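Subject: The structure you asked about

Hi,

Here is the structure for you to look at.

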Amino acid sequence: MKLIAIMVGKIMVIMGKILKRGSSFPGKYALRIDKNLFKHFKYPKIKIVVTGSSGKGSTSSLIANTLKVKGKVCHNSSGANIDWGVATTLLKYSNLFGKIKTKYLVMEIDERYMKKIIPYLKPNYIVITNLTKDQPPRQHYVDLVYEDIKKCLTPDSTIITNMDDPYLRNFAKDLPNKFVYYSILKNKYSYETQIFENLNIYHCPYCHHKLEYSYYNFETLGHYKCPNCSFKYEDAKYTGTNLDLEKKQLIINKEPLKIGGDMLYNAYNTIAAYACLQELNLTEKEIITSFNRLNDLPSKEFINKNKVFRAISCKAENATTYNQAIFKVYHDKNKKDIIIGWKEISRRYNHFDISWLYDIEFELLNDKSVNKIYACGIDASNIKQRLILSGIPENKIITSENLENIKEEVLKSKTSKVYGILNFDYVESFNNTFKKEEKSND
Amino acid sequence: MIKIAYLYPELLDLYGESGNIKALKYALEQKGITAEITNINYDTKLDLKSYDFVYLGSGEPSKLELVKTKLQKNKATIMEYINDNKIILVTGNALSLLDLLGYYEIEKQTAFKVADVIATTSLVPGNIYGFQNTSWLIKTLNSPLFKIDQGFGNNATEEEGFKFKNFYVTSLIGPILARNTNLTNYFVDLLISNSKK
């Protein structure tokens, strides 16, 4: 009887394939039949789970796509990472008896859904990319997410996480598991005096004294120590050096490694995946060869009217992703215009919470290299208000309901670069608006 | 010059609460008044005498606990400050800190109260817009701050917050001063009139 839900779900997956309709519906339906669905699958021997506030998709894809050379992988590549999505992926890869016939399982799992899946899936390895402020109406605060994850972890999982983040050290403080750390060492983007505010950890997790940093890589990431107790950054097993975002590469063990983009998170996702694969005993050569192929991605920049356009995709309600974008723009001293906006704040709910806008360090855009900032979309006036309160002169800020209305002005502007600091739902509109060729004969 | 004390910004920094300080500073500067902001950190002695405006914002429960222990030791200082008619603004779940003064009672909610808020207040004309994302609400019904058209009030009523002299407490985030210039200007006018006394 316990296999009924799997059988029904499996038939729905097959029907979906025939009708060419893919969705998370089979998983949703099977979980409705049996809420203990995850208990009944027979999982592969090697199971890897990736979770965190951001970077789950890229990190798990790098791991899964590299492992494919070694054997079949069950992976939720579509990014369906809550219980229905994970269940649907498992149904796809399982037979009618719930046996998943792959060598590996690699799942990205939403941080708040870990507790529903992990106790049954019992992964050998859990990669925790980060835990940052994210979707406050749903997540409320970071400690709550931390507690949710912590409670469901079983002691036999090896936890792979970021040494640079003192907040993630809480796991080792509270759990008996084996921990493997990765780190990106001081690099040309590191800084010595904090430039971000409103962060989720300032104090020692053990004694609450304020942490001291010899350098920061970004926000709370860096080389820290507690002045009062023995808590400090420890040497990590896997370290990346000579980070070069312009060249989109990191050096690991003297070997250059492509990181797949020009953002700091690309580097952290890559080294997280690297650490995981090394723990799975893949050779350095196998990993580097695979990553250099998988991460050889086209540039996201394009040129129109002699200007370089670059959309940076962020996650609304996640200040850290916007801070990464701002950190990137901050390092570019070219004369530039900036466009900030989104279609909607959340697809999950209708709340209008803009508090997270005040956790973003827009103050870093108050610089003479910034020509104009265009606040676009449905929340243009709120973005403008935030920018004004960052000290940015009002005459530099222009609001617009859409991108089309500012297109002409942006194309005519005497700047060499245009950045879009955008929610992911606005990136395509940005690219379509500014990539379009003019119909005139010039 | 107006002196603003921002209490424990490294602990009480959930939900963009520093936006309230930014909005107040900006509004003062628009009137040609200089605002000096002092971040009061956890390891410094709490001395409020020289300040005109004190602010406490939302924090994670573990951090609220640390702050509450600290504030408990400084109860007399805070009460003296309030009795001098000086301004304290408390927003979001920081309302669960200063119930220790005994002016109002609080109630832990069984589930998070999450809502868009539309309210009015006798302090200023127009609507007040904000957001609630809290597991604490005020229980006390006398002397509320807002009349809630949408959102959660004290003890399941349509009135929210607490006011005593110039001690203002609300569960609203927003940040409320950044989202409501009418309310910010109320505090600016109050600071100006206090400074003339």
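A quick definition to begin with: a residue is called buried if 20 or more other C-beta atoms lie within 10 Å of its own, exposed if 12 or fewer do, and partly exposed in between, with C-beta atoms placed from the backbone. By that rule, 48% of the 442 residues of chain A are buried.

Before you go further, note that this is a predicted model: local features need pLDDT of at least 70, side-chain atom pairs count only at pLDDT 80 or more, and totals for chains, interfaces and linings use all residues. Residues are numbered from 1 along each chain as its sequence is written, while chains are lettered from A and ligands numbered from 1 in the order in which they are written.

Now for chain A as a whole. Its C-alpha atoms fill a box of roughly 70 × 60 × 45 Å along the principal axes. Chain A has 14 helices and 17 strands (DSSP runs numbered from the N terminus: H or I of at least four residues for helices, E of at least two for strands).

Chain A is divided into domain 1 (44–80 + 101–294) and domain 2 (301–435), with bounds from an automatic or database domain assignment. The C-alpha centres of these two domains of chain A lie 28 Å apart. Their contact takes 19 residues from domain 1 and 20 residues from domain 2; two residues are in contact if their C-beta atoms, placed from the backbone, lie within 7 Å. On the domain 1 side, H6 and H9 of chain A are the elements that give two or more residues, and H6(A) has the largest share, 3 residues.

Then there is the core. The largest nonpolar core has 180 residues, and those with the most contacts inside it are Ile271(A), Cys276(A), Ile421(A) and Val54(B). (A nonpolar core is a set of buried Ala, Val, Leu, Ile, Met, Phe, Trp, Tyr and Cys residues joined through C-beta atoms within 7 Å.) Helix H9 (residues 264–279) of chain A gives the most to this core, 11 residues. Domain 1 and domain 2 of chain A both give residues to this core, so it lies between them. Leaving aside neighbours within four places in sequence, Cys276(A) touches Ile48(A), Ile63(A), Tyr125(A), Val127(A) and Ile160(A).

Finally, the two chains: their contact takes 21 residues from chain A and 23 residues from chain B. Helices H6 (136–139), H7 (142–152) and H12 (380–388) of chain A each give two or more residues to the chain A side.

Cheers
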